[in-house]
Amino acid sequence: MTATTSRLRLILGDQLSPQHSWFRQCDETILYVLMECRSETDYVLHHAQKILAIFAAMRDFARQLQAAGHRVHYLAIDDVANRHSFAGNLDLLLAQYAANHIDYQAPDEYRLDQHLAAYRPDGVSVSMVGSEHFYTERDSGTQLFAGRKKWLQEHFYRSLRKQYRVLLDDDEQPLGGQWNFDADNRGSWKGVPAEPVDRRPRHDHSQLWQTITAAGVASFGAPNAEQFGWVLNRSEALQQLDAFIEHGLPYFGQFQDAMSVHAWRMFHSLLSFALNTKMLAPYEVVQRVEAATRAGHAPLAAAEGYIRQILGWREYIRCVYWARMPGYEEENFFQHQRPLPSWFWSGATKMRCVASVLQQSLQQAHAHHIQRLMVIGNFALLAGLDPAALHRWYLGIYIDAFEWVELPNTLGMSQFADGGMLATKPYVSAAAYIDKMSDYCKGCHYDKKQRIGERACPYNALYWDFFSRNEDKLASNPRIGMVYPQLRKMDPDMRQQITAQAEYWRVNLEQL
C-alpha cells in the first residue's frame with residue numbers, strides 16, 4: 001500500500017547536506033523533492049561542468065536518501081512531466097500526492113528566495129526552515145555594521161574569530177600575536193615545491209551529458225564528461241579535504257596569490273564547490289585546518305589565510321549580499337558600459353595572462369581568487385567593461401559561482417561598482433603586479449615594460465588612464481597611494497599618449 005503523503009520537502013541543487021536535521025529520521029508521510037529545471041540552467045549561460053556537477057550530485061543525493069529509507073520524487077531534465085520551474089512542478093506534485101504542506105530550506109539566492117516566498121497555493125501551508133550551514137544569519141552583517149558607512153571585512157572577521165574561538169590562545173588573543181598574516185602570503189611560485197597531484201576521483205558522466213544536451217540545455221566550456229573531476233557527494237568531499245590538509249595546506253599560505261601556466265590549481269583546496277552545495281560545512285573545514293596548524297602540520301600563516309577565506313570572507317560576502325539585495329546587481333559607480341569581447345568565451349587573446357586564465361576557466365570551470373580578481377577582473381575594470389555583463393559571465397563560468405557569493409565579489413570587490421562600500425580601493429594594477437606574481441609575462445606577445453605602442457602591454461596604458469579618467473572619484477581615497485602624485489608629475493605629452501593608447505585598446509578590444 002502506498003504511504004499517504006502529507007508533506008513535500010523541496011531540496012535545491014545547492015542544498016545537498018545529508019547532515020541536515022530533516023534527515024535524522026524517516027517518515028513515510030514526507031516526500032523529498034528534487035528537480036532539474038530549465039529555469040535554473042537557463043537564467044544565465046552556464047559552464048558545461050557546472051550543470052553536470054550539480055545534476056550528478058543531485059542524483060547521487062537522491063539515491064542516498066532513498067538508500068537511507070526516505071521517500072524521494074526526482075524530476076529529471078528530460079522527464080515529460082517536468083514543467084521546468086519550481087512553482088510549476090510543485091503544483092504538479094501537490095495534485096499527484098494530495099499533500100497539504102510544503103517545506104523548503106532558505107535559498108541562498110535572492111531570486112529563488114522571492115520565487116518561493118511568493119508561492120502560496122490554495123489550501124496548502126508553506127514553511128521555510130534554515131539550511132543549517134552558515135556561521136551567521138542573513139542579517140548578521142546589518143546588525144554588526146549598524147551605523148557604519150564602510151563594511152570592513154577585517155572587523156567582521158575578528159568578531160567571528162572571537163565568537164567561535166578560532167585560532168585564539170588561552171588568553172583569548174590571536175594565535176601568533178596577530179589577527180592577519182596576509183603579508184606572509186604573497187610569494188611567487190618558481191615550480192618548487194611541485195603542485196600536488198590531483199587525487200580527486202574521476203566519474204564518467206557522458207550519459208548524463210547526452211541527456212542534458214538532448215534536452216536542449218545550452219552551455220559553454222569543456223564538459224570533460226568522461227573524466228569528470230568534481231566531487232559527487234559528501235564522502236568524496238571529505239576525501240578531498242583530507243588530501244588538501246595533507247598535501248596543499250602546508251604551502252597554501254605562501255603561494256595562495258601565485259599564478260602559473262604550469263599549475264592550474266596550485267595549492268588551492270578545490271573545496272568551494274563542495275562547500276557551496278553544502279556537502280561540507282564551513283565549521284568542519286575550519287576546525288580541521290585549525291587542528292592541522294596546532295599539530296604543527298602547517299604554518300600558522302597558511303591556516304589563518306585559509307580560515308580567513310571561509311570564516312571571514314565567505315560569511316562576510318553573504319551578509320553583504322543580503323543587505324544590498326535587491327538592486328545590488330545594478331550598481332555601476334564608474335558607469336562602464338562596454339560589452340565583453342568575444343574572447344571571454346574562447347580565450348583567444350594575445351595577452352598571455354588573460355588567455356591562460358580564460359582557457360583554464362573554460363577547461364576546468366575554475367580559477368583561484370587572484371586569477372579572477374587581478375587578471376580578469378583587473379582587465380575588465382581598466383577596460384571599462386559592463387559590470388553587470390561581467391557578473392553574468394562569472395556566475396556562469398565558475399563551478400562554485402552562486403549569486404550570493406559571486407555577485408558581491410564581482411560588483412564590489414572586483415569592479416568597485418558599489419563605490420567602495422565593500423572594497424576600500426579599486427583592485428587594479430599595471431603589468432608589474434602580474435609579472436611579480438606569475439610567469440604569464442614570459443613569452444607574451446606584449447611587452448610588460450612598455451606603455452605606448454602596438455606591442456605595449458595593454459594593462460599599462462589602461463591602468464594610468466583609468467586613474468586619470470576617474471580622478472574626481474578616486475583622488476581623495478587614502479588607499480590609492482602615490483598614483484595621483486605620479487600622474488601629476490608625468491610629462492603632459494606622455495600623459496596624452498597614454499590616454500590615446502588606452503582609448504585605442506578600448507575601441508579595439510576584439511583585436512587584443
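**A helix pair, then a cavity**

Modeller: Gladly! Helix α13 passes α14 in a right-handed crossing (the near helix is turned clockwise from the far one by less than a right angle). This is a predicted model, where local features need pLDDT of at least 70, side-chain atom pairs count only at 80 or more, and totals for chains, interfaces and linings use all residues. Residues are numbered from 1 along each chain, and side-chain values use heavy atoms, without hydrogens or water.

Helix α13 spans residues 369-383 and α14 residues 387-397; they pack at about 150°, with axes 11 Å apart. That angle makes α13 roughly antiparallel to α14 (over 145 degrees). Where they touch (heavy atoms within 4.5 Å), α13 brings Arg 372, Ile 376, Gly 377 and Ala 380, while α14 brings Leu 390, Trp 393 and Tyr 394. This contact has 5 nonpolar residues, 1 polar and 1 charged.

Now to the largest cavity, with a volume of about 320 Å³ (a place where a 1.4 Å probe fits but cannot get out, on a 1 Å grid). Of its 22 lining residues (an atom within 4 Å of a point), Gly 13, Glu 40, Tyr 43, Ile 54 and Phe 402 are the closest to the centre. Helices α1 (38-41), α2 (48-67) and α4 (110-117) each give at least two residues to this lining, and α2 has the largest share, with 5 residues. By class, the lining of this cavity holds 12 nonpolar, 3 polar and 7 charged residues.

Note on methods
Axes are lines fitted to C-alpha atoms, for helices over the stretch in contact, and angles run from 0 to 180 degrees between N-to-C directions. Helices (H or I, at least four residues) and strands (E, at least two) are DSSP runs, numbered from the N terminus. Angles under 35 degrees count as roughly parallel, over 145 as roughly antiparallel, 65 to 115 as roughly perpendicular and the rest as oblique. Ala, Val, Leu, Ile, Met, Phe, Trp, Tyr, Cys and Pro count as nonpolar, Asp, Glu, Lys and Arg as charged, and the others, Gly among them, as polar. On a 1 Å grid over the protein atoms alone, a cavity is a set of points where a 1.4 Å probe fits but cannot get out, and a pocket is an open set with protein on both sides within 12 Å along at least five of seven lines; lining residues have an atom within 4 Å of a point. Grid points are joined across faces, edges and corners, and a volume is the space filled by probe spheres set on the points.
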